[in-house]
Every structure is written in structure tokens, then in C-alpha cells.
Amino acid sequence: MIRIFNYFLIILIFLLNHSAYAKDLLITNAKLVIDEKTFKEYLASTDKLPTDYINNIHENITIYQSMGAGGNEPMTFFFKDTEADEIMYMLGDTDYVIKNAEGNWVTSGIFAPFSHLGMADIGGEDLTNDISSPGSSTTISEKASDSFNPQSVFVANNRRHGITHAVISPTASGNSVFAGTGSIVNLTGNYNSVVKERAFVLAQLGEKGTQYSGGSRSASLLQLKEGLDTANCNNDRTCRNSLERAINNINKNSYISNSESEFLKRVIRGNIPLIISVERAIDIIRVINLKKTFERLDIILLGASEAWKVAEQIAENNIKVMIDPHNNLPSSFETVDSSLKNIIILDEAGADYAIANLSALGLQGIGTLTQHAGNAVANGLDWDKAFAAITSTPASWFNLSLINNSLVIWDGDPLNVTSTPTSMFINGQEQSLESRQTLLRDRYNPINETEKAYKYR
Amino acid sequence: MVSVITINKINIGKRLILVGIIFINSCGGSLDTKESIAFQSTYAPNLSITTLITNAKIIDGTGADMFNGSICIDQGKIKKISSYNVLYDKIEKVDINCEYTNKIDAKNRFVTPGIIDVHSHLGNYPSPSVTAHNDGNEITSPITSEVYAEHGVWPQDPGFDEALKGGITTLHILPGSANLFGGRGVTLRNYPSRTVQGMKFPQAPYTLKMACGENPKRVYGDKGGPGSRMGNFAGYRQNWIRAQEYQEKRNSGRTNTSRDLQLETLADVLDGKILVQMHCYRADEMAQILDLAKEFNYKVTAFHHAVEAYKIGDILKENETCAAMWADWYGFKMESYDGILENIPFVHETGACAMIHSDSDSGIQRLNQEVAKSWAHGNRAGLNIKKEEAWTWLTSNPAKALGILDQTGTLETGKRADIIIWSADPFITYSRPEKVFLDGQLLYDKNNNIYPRSDFRLGYGVK
């Protein structure tokens, strides 16, 4: 059966080049690993699954991912392997790719909740680095996606680690606490890999923010509030004028233009999240208090080293948190109470959290995300929850259904450092796991017995 | 555009350049001063407890196969280590003959030597990383071989305590990499102490930090040079010539010449007393440095970072120079662009001396995971390296590069009892150190809440 389909594949791949839609995907013999939350959501949306599947690891599973030809959303279905033949019969001559997972772990792709992927070639070389724009007069409306290079070598280098989607974000600079607008991309390396251009706005408070807003926490918080107030004026000119004057008094170079403030309206209405980088517990409380004025703000805290100290308030106010479970040192005075228990206590309080590898080098190294999640497990978090924190949880914050858009086959537990992907699919398309790094590896592999000079390998 | 400084602030500050404080020292005196007695180690662990660890799965750090066995600790040393013969599921006990006050059943546990980090800035770029704490790099001249890293080490850095929880028992603190000759490095025991002298590894040789490539030329490019890699090499050579002259004068026994701290360090390198630890990324540059060492007849003990070491494993082997590497840091600057995940295993496979290093207060807490990653990637690329061999990247090879392999780095009779008991196989992420011994003294016991806490940690959250 498989051989026949492989034969057809050659023809189908040719046809696909002329097709508007990607092919469906069938993965057999999978050890499906799916976090409980996603699985429950899935169960709620279908009546096809027997209830005894509720457990995060399911052996002998056939996965069918429909790409939603004809304008439908892609959908992923799970079946017992015993039903595989039946599914194939039902699919008939539908175009689909078949892959035997050979009993290995299969998961959705990994979603990096925060990164600068593809926004710089060499972090230390200014001209190649578009992560921030200190000399620019616009801030909020600048989109990370406009700086994204899908063919940066870092895209393929990180794809190889199982990352299928990533948040990309600018950082604050110049004279504003507002860093700009962040985007969501997939790691296909295709020119159309921006999944969402305007996914969120980032503002930076704490020690990062004070550098760009005149020098104090008072100034940076005020600048953030005034920005939101200006946007809240709608088209009331008097309101806007007075606020703009106020902002100019705080910082002569800071000016929130009409278009910028139009943009912030989406944030105020809660249409897109406002990510705020903040570390100290009292600063977190001040951010939570913003919701008293701007009730619909969808706030995601970034960093939040001391979040555990105010975990209850965070959970009660439906504030989301992106944290690095490796952070445990008092690296600055605003993180003196950093602790490995941060994520554990947030979990106990019922807060919604994602794991970001913020301490990774330059945030292009998002491939270590699974290691950071693995260490959250080592420190006592449930595997399920840690895995959700790098997949379905952050993806859902940006309305992306990860399990319906990506699948990865691994050679072991994806949260263990010794495991790596063996196959990856994004939107039904199998992705290459080759990269500049693997080509260098192959050229210099000491077991390579070729007689060719190395530049000809 | 983000500047280099912004990048520093985010992540790589401790390796790049931060503002230092002027520190120039010159003492009078004659050249034939005897071996310096200044700043001697006062390290004094409590050696009174005798311990027997039984039932352990032991990776002894020599590269030999793991075995089930027991370790007897007496007077801070490994008095005896023995194996049980496991044949056809029958365990034949070998008598270990150990008098002990404390017995630990390490059933289902892995036991390894304590980890040695050959490249750390704990203490000289401590937490919190306020500007007042930037004591790791004397960025006032490209030639500062007169400075000693230990004079910039703050023993209250909370990072030492967290590193201990990750199994670090010995660590090497280096000056930063702004300068061609950065100064002397110091090897420390990870022992809670009020003073640096109380942490100094007794009789460990001094080291000299040198730096290749981008950092020196960037920092001094508009401050009189070097401004290029050419200038870097001219700077090395001019100063080795001065050092040779100083060495000759010193050997001639002439008195009434003032002692020169800068040249003293370099002459000690030429005399073979100080080990050269050289920050270098690119393969071609490392090869040129090895030629430089031949010109002046000294040895490069280890290249640090060595992101392209995998391209020249054979040259490293031939020169008996080690490479201290990361598992997956690369791409943050041009000279680190060619990093691959198999760097350590490839260097190991060619027969050169390979090891992990952290250069990070975070990475130092999980060096076993960094090795596990590299090991797995190497084997996936077709190598066949055993876990036991890979363990040498964590303990015995760093000990070799620091000149302390006769003291620590393996679990062998007579060596310091620097030991980690792991909750499970240390090549698995979920395994963490449960107990860490330094000279037989239990300094960290996860399940019994025994751990050190720096003065700095006190008083936060007190209402």
C-alpha cells in the first residue's frame, strides 16, 4: 500500500506545483504526544474519538491532517492504527502524503513565543541587524514582519530543532517604551511565511524601559499610559492635542502620530495583545492596574522574573505570562527574587503561561526552547503543561491552531536534550531538515572518507 | 539599528566588553624575587567526615565503561573505589573494607566526578550585573598581563551557589577578552568562603588569558590599536620579544632591576609555569596562533570558544592543544558564524582534547545537558562515542587543561572526593544533582535542603 502511494507521490508532487492547495497528510504508527488541553479542545470539537484516548501519550495512532482545500481551515484527526486501512479507503483518490512514524513520538510543531528570528544576520554587525530602530520617529506601527528574512540561515538552523512557528518582535530603542509591532511567522523559509503581520504590540518597562523613556519607572509608565490614552481619544481632536502635549512634555522626542495611535486602538480594544516586558513584582502590579482603565487590554507579561510573588493577582486578572524557567539569578535589582519555582507557583495559581528561552543567545537560538521546557519538568512541572507552554498555549494567544498546521516526528521525548526531529510538516508540506549547519557538519565530518578536497565536498 | 552594546545587555555582555576600572600596579624590588607568596590559598574544607557511597552506577571520568560500585571517602580523598561484578543478573559483592560515619545507598542513582568549568566569569562579572561589578576586564590597554582575575572576584556572587547545585566543584575564572594579553586566570574550588583566598585551588597553576580576533581590534581600533588582525599579531609578537628579554635578565640573576608584573607573567609562560588559555573562534586564526607559539617556544594549553575547532581537529591534536567549546552557541558575531552542533564530538573523534565550557552564569548550571546534546548530535552524525567518553568533556579534560588532573576530574583512589550523586542518568534533562561533595564534604543536598546562600541573597522580601 505504502509503496503504491510513494509511486503516486512523484506525480502528485508535480501536480502540486500547479495546485493552489497543499496536500493532505497521513501519518501512521505514531506515538502521539499531545498536551491535555489541546486534546480536550479537540475532543470537544469532534465525536469521533473514543474517550479512552484521554491521556497525553497515545500509541499506535494514525493522524490525518486535512489541508482544508476549498477555503476550509486545516484540521487534524486522530485514529487508532487499526483504522488506517479504512481511512485510506475513505480518502480514495484524495491527494495526500503518507508517512510511517514507525512508532516514534509525533507532536505538533514547537511554537517559539518570543524571538528575533530572521531579523538579524549577525547580531554584532549593525547593518545586518534590524531588531530595533533607535533613529526612527515611528515606533508602534513598525512591523517585525517587514524586517523578517525567511531565508536567513537561522530559520533553517532552528527548524531543524522542531520549531515550526515563531513570534518575532522588535525591541525598544530611541525615545520610546513602545518597541513596535510583532508578527508570527512559520519556519518554511518561503516568501509567504508571515502568518500574521500585526500580532501584538510590545512595550518595555522596568530597567529596559527606563533607558528609552527619560530614565525612570515613573516616566516609562506614564509614557505607556499616555500612549494608550491618546489612542483612546478616538477622533476627539481636543483630547488628542492635550495628550500629545503631555507626551511631548515627558519626552520631547516622543510623539505618537495619528497612524500610530490608530494602531494602538486595536490593543485597547483587546483585538491584539499588548506584550509588556517587566520583571519586578511591584512593576507587575502596576501593569495589572492598567486594566482598571483599559479593561479590554489583553496583557502578556514578558520576562516576569518575580511573577511568582504576585501569581494570584496575575491569574485573577487573566494576565498571561511568558517566562524563562532557567532564570534563577538576581541578575539585576529588579530580578532579585528570580527563582526556579516561578513557573511552578504560576501554575498552581492557575495562571496562563508560556515558556520562552529569553536567556538564549541573542534570541535567534530558539532551538533550545525544548531544553528550557524540559528543565521546567526537571523542576517539578508536569510534562503536559511544559509541552503546552511551548506549543498550544502561546499559539492560542495569537489564534493559531498549531496542531492543525504542523506535525513533527521525533527520535525521542521532545523535551529531552538528546532528542531531535526526524521529519517535519508545516501546512502539510514536508520540510527539509538540512541547513547551513548540517552542510558544514557533512563537509567536516571526521568519518567522511572522501578523497575530495574539502571545498569540493 | 541595535548596537553591539545593546546586544551585550541582552545576552553576551559577560564575554564582550564592559567598562573597567583603571588598575595599574607596579612594585619595586629585584628580579630574583622568589616564588611569589602573595595571595596564597587558605582553602580549608572540613575533612572529618568519612562516607561510604554504595550501590551506585559510576561514571568515573576516565572514559572507562560505567560500573556498579562503591566509593569510600576518607580525609576528603577517595580512599577506595570498587566495582560489583554484574554477571547474568547476579551481583557479586566485592568487599570494599571501609570505615565510615555516613553511608549513602545510591541505588538507582548515577555517581560522577564533580564538574569542572574551564571558562567562567562568576565573581568577576557577578550578579547583580551592575556597572560597579564589572571587574573582569581591564579595558585600558591591549596588554594587561599584569592583572590577576582573582583581584576582581567577589566571593559573594550568588552564581557560585547556583553552579554548585548544577554539580560544579571546580571552576576557572578568566579575565575578559578585550585585550591581547588579558591577565592571569585563577582556578577556584566552588567552596563557600568570605575570601577569594579561601576558594583558591591549592597549588593550581596560574593561567594567562589571551584573545584573538574581533574583540581586541574592535575595542582598541580607535584607541591606538590594534585595529586589525594584523595589529593583533604584531602586538603579541612585540610583547613576546619583551618577555624573552625579561626572561633572560631574570635568568642571569642580575639584581637592582625593577620587577615588572606585566613581563613577569609572560616570562612565566615562557618558563612553562603558566598555562595559556586563548579566546579564539576561527580555525585559520587558531592555526596562526599555534605558529606564533612555535616562534616563541611556548605552549597554547587550550583554545576557548573555538567555534571552528571542528575544522582543524588534526592540527589541534598535533600541537597537543585542547579546545573548550559550547554545545550550540554561535552566530552572534561574524567569527562565530560557522558554529555546528557537532563541534565537540568531531574534535574528540579526531583524537584531540575536547571539552565543554560555559562562559555563562546560566549555562554553568547545566553543563551535563550541554554535553548530552553534543554527544547525541555527534552520534547522529555517525560517530560512536560512549557516554563515558563524552563525560571526559566535563571533568577530566578540563582538569587536564588546568593542570589539576592529578587532583580531581576523575574518581580514582587518592584523588579529591569531588563527587556528584545524580537523581538519574545525567544524559537525561530530568536528571539533576541530588548531592554534591567537595573534598568529601557534602555541600549540596537537594532533598534535605542543604545549600549555600550568598550574603547578597539575604533580606529581600522582608516586610
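Visitor: What makes residues 1–35 of chain B a stretch to read with care?

Guide: This is a predicted model, and over residues 1–35 of chain B pLDDT stays under 50, on a confidence scale that runs from 0 to 100. The model still has 72 contacts beyond four places in sequence for that stretch. Where pLDDT is low, predicted coordinates should not be read in detail.

Visitor: What are the pLDDT values for chain B as a whole, and what are the ipTM and pTM?

Guide: Chain B has a mean pLDDT of 91, with 89% of its residues at 70 or more. The model's scores are ipTM 0.92 and pTM 0.91.

Visitor: How many helices and strands does chain B have, and how much of the chain is buried?

Guide: Chain B holds 11 helices and 18 strands, and 57% of its 463 residues are buried. Among its contacts between residues at least 6 apart in sequence, 71% join residues at least 24 apart.

Visitor: What makes helix H12 of chain A mostly covered?

Guide: Here the count decides: 10 of the 10 residues of helix H12 (residues 369–378) of chain A are buried, among them Leu369(A), His372(A), Asn375(A) and Val377(A). The cover includes strands E6 (110–112), E7 (163–168) and E13 (352–355) and helices H11 (342–348) and H13 (383–388) of chain A, together with H9 of chain B. After H12(A) comes Gly380(A), with a positive phi near 120°.

Visitor: How do you know whether helices H4 and H5 of chain B are roughly parallel or roughly perpendicular?

Guide: The axes of H4 (residues 229–252) and H5 (residues 261–270) of chain B come within 8 Å and cross at roughly 80°. Angles from 65 to 115 degrees count as roughly perpendicular, so H4(B) is roughly perpendicular to H5(B). On the H4(B) side, the contact includes Trp240(B), Ala243(B) and Tyr246(B), and on the H5(B) side it includes Leu263(B), Leu266(B) and Leu270(B). The residues of this contact divide into seven nonpolar, three polar and two charged.

Visitor: Which residues touch the most other members of the largest nonpolar core?

Guide: Ile71(B), Ala306(B) and Ala323(B) do, in a core of 120 residues. H9(B) gives this core its largest share, five residues. Beyond residues up to four places away in sequence, Ile71(B) touches Ile53(B), Ala56(B), Ile78(B), Ile81(B), Val111(B), Leu411(B) and Ile419(B). A second, separate core has 112 residues, including Ala120(A), Leu274(A), Leu301(A) and Leu415(A).

Visitor: How many residues of chain B are in contact with chain A, and which elements of chain B give two or more of them?

Guide: Contact here asks for C-beta atoms within 7 Å, and 50 residues of chain B are in contact with 43 residues of chain A. Helices H1 (4–12), H2 (158–165), H8 (343–349) and H9 (367–380) of chain B each give two or more residues to that side. H1(B) has the largest share, six residues. On the chain B side, 25 residues are nonpolar, 14 polar and 11 charged.

Technical notes:
Residues numbered from 1 in each chain as written. Chains lettered and ligands numbered in written order. Predicted model: local features only at pLDDT ≥ 70, side-chain atom pairs only at ≥ 80, totals over all residues. Contact = placed C-beta atoms within 7 Å. Helix = DSSP H or I, 4+ residues; strand = E, 2+ residues; numbered from the N terminus. Nonpolar A, V, L, I, M, F, W, Y, C, P; charged D, E, K, R; others polar. Core = buried A, V, L, I, M, F, W, Y, C linked by C-beta atoms within 7 Å. Buried ≥ 20, exposed ≤ 12 C-beta atoms within 10 Å, placed from the backbone. pLDDT = per-residue confidence, 0-100. Axes fitted to C-alpha atoms, helices over the stretch in contact; angles between N-to-C directions. Parallel < 35°, antiparallel > 145°, perpendicular 65-115°, else oblique.
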